[in-house]
2 protein chains.
Amino acid sequence: MKQLYEGYHTQKFKKGETIFVRDYEPTHAYAIKSGVIRAFAYTPELEEKSVAFIVKNELFPVGWLFSKTTIALFYYVAHTDCELYVVDKNTFHQALAADSLLAHEMLGHMVNDYVTKSLHITALEQSRARLKLLYTLYNFSLRYGTSVMKDVIRINIPLTQKDLASFAGLTRETVALETLDIKKDGIISTRRKYYIVNLTKLVTAIKEDDLDFQPKIAG
Amino acid sequence: MKQLYEGYHTQKFKKGETIFVRDYEPTHAYAIKSGVIRAFAYTPELEEKSVAFIVKNELFPVGWLFSKTTIALFYYVAHTDCELYVVDKNTFHQALAADSLLAHEMLGHMVNDYVTKSLHITALEQSRARLKLLYTLYNFSLRYGTSVMKDVIRINIPLTQKDLASFAGLTRETVALETLDIKKDGIISTRRKYYIVNLTKLVTAIKEDDLDFQPKIAG
């Protein structure tokens, strides 16, 4: 995708800046050159419920870009300082139609997100807080993690307990309590806002609660 | 996609038959010629938690077909009697690489599912049972519904209360109670296992609980 974006203009956003407001009609999409975007909705109680992190080379808002919706379905904020490519809808589709390798690569991105969202759904459908949190950490490790040594993964997105709560469908207080236990068990440690995950211990902990579980992502 | 599949062999499955078992390594994928497939996981309490309905022309298991996982992430069962095209992984990717229109069409399918999954996530993140159920019905209306008269949608998938419960992250008992209320309000009616939805009333009901909500899907 990188080649596609190279000629595009970029815009910079500071951490915390709102990029799209839900129900607003975008005039263009963005692709991420650097930084992380978070998509979320509000509950009636005005709690933030996160739907996705969007990372390098990924596009948003996808539903609008592919004409499935006329408006942004979520709020999009800069989770870190960001530099974004400005993506014109028509130019983008002309490029896709002309280049099957590009379309194939784009498909790969979408499938990644499809799998992530499927796993997010199963995490949310768990009834126990500990299991929701363990699954959320597992998903983040697979999707946003890099191996720092054998079986040890660093999740490359800065995460507060509030962020974890908003993805796992839990309150911040519950996440704080469960995190204490999970740290005590040696499953995670934190350095500033970055989580370091012991994948073997995480998988073992999930298996203790969910006998049906098997680690499942290739590569 | 239809042209792509036309030369492929088909297999028939009876309602209730299991097509893939979770953690099993598929040897091929399927595309749907007719019928509906349901993908689900089990909770530790062995309740079924549904992730997706897969409908005409759609493929599964997508994560495996695009080499994101080596195994099926979910259980796949025939939700109705089905006829399925047998899709060979290599043949499929050769066809995609050779035909950008096909890749583009496939992208459209994936984006549909991406939007559906995003909305499913926000439904699950609601804390109130009524709102979870209303959002689930709303998502099903948009994704699987056809208009039978102005503002009236028929969801074209047979649904039991257990099915609704397994998508909304609720118990069957809660769905039974909430459904009574929603029927009384004239938001839905059922004919055999098919739900008829009054979209205006549904949207009004969601807005009463979620002031931030706006109806949002084009087409």
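Colleague: In which strand of chain B does B:Val51 sit?
Modeller: Strands are DSSP runs of E with at least two residues, helices are runs of H or I with at least four, and both are numbered from the N terminus. B:Val51 falls in the run of residues 48-54 of chain B, and that strand is E5.

Colleague: What kind of model is this, and how is it numbered?
Modeller: Residues count from 1 along each chain as its sequence is written, while chains are lettered from A and ligands numbered from 1 in the order in which they are written. Side-chain values use heavy atoms, without hydrogens and water; local features need pLDDT of at least 70, side-chain atom pairs count only at pLDDT 80 or more, and totals for chains, interfaces and linings use all residues, since the model is predicted.

Colleague: Is B:Val51 buried or exposed?
Modeller: The cut-offs come first: buried is under 20% relative accessible area, exposed is over 50%, and partly exposed is in between (1.4 Å probe, protein chains only). B:Val51 has a relative accessible area of 3%, so B:Val51 is buried.

Colleague: Which residues of chain A are in contact with B:Val51?
Modeller: Contact means heavy atoms within 4.5 Å. Neighbours within four places in sequence are left aside. In its own chain, B:Val51 contacts residues including B:Ala39, B:Phe40 and B:Phe167. From chain A, the partners are A:Ser118, A:Ile121 and A:Thr122.

Colleague: How many residues are in the largest nonpolar core?
Modeller: A nonpolar core is a set of buried Ala, Val, Leu, Ile, Met, Phe, Trp, Tyr and Cys residues joined through side-chain atoms within 4.5 Å. Among the residues with the most contacts inside the largest one are A:Ile19, A:Phe60, B:Ile19 and B:Phe60. B:Ile19, for instance, touches B:Phe13, B:Tyr30 and B:Leu84, among others. The count for this core is 88.

Colleague: How far apart are the C-alpha atoms of A:Leu84 and A:His9?
Modeller: A:Leu84 lies in strand E8, residues 82-87 of chain A. A:Leu84 is buried, because its relative accessibility is 0%. A:His9 is one of the residues it touches. The pair is 75 residues apart along the chain, yet the C-alpha separation is 8.3 Å.

Colleague: How many disulfides are found over all chains?
Modeller: A disulfide is a pair of cysteine sulfur atoms within 2.5 Å. A:Cys82 is buried at 4%, and B:Cys82 is buried at 5%. The search of the whole structure gives a count of zero.

Colleague: At roughly what angle do the axes of H5(B) and H8 of chain B cross?
Modeller: Axes are lines fitted to C-alpha atoms, for helices over the stretch in contact, and angles run from 0 to 180 degrees between N-to-C directions. B:Ser141 of H5(B) and B:Leu202 of H8(B) are among the residues that meet. The axes come within 10 Å, and the angle is roughly 145°.

Colleague: Which hand does the crossing of H5(B) and H8(B) have?
Modeller: A crossing is left-handed if the near helix is turned anticlockwise from the far one by less than a right angle, and right-handed if clockwise. Here H5(B) passes H8(B) in a crossing that is left-handed.

Colleague: What is omega for the peptide bond from A:Phe60 to A:Pro61?
Modeller: Most peptide bonds are trans. The bond from A:Phe60 to A:Pro61 is cis. A:Pro61 lies in the loop between strand E6 and helix H2 of chain A. Omega is near -10°.

Colleague: What is phi of A:Ser67?
Modeller: Most residues other than glycine have a negative phi. A:Ser67 lies in the loop between H2 and strand E7 of chain A, and is partly exposed at 47%. Its phi is positive, near 60°.
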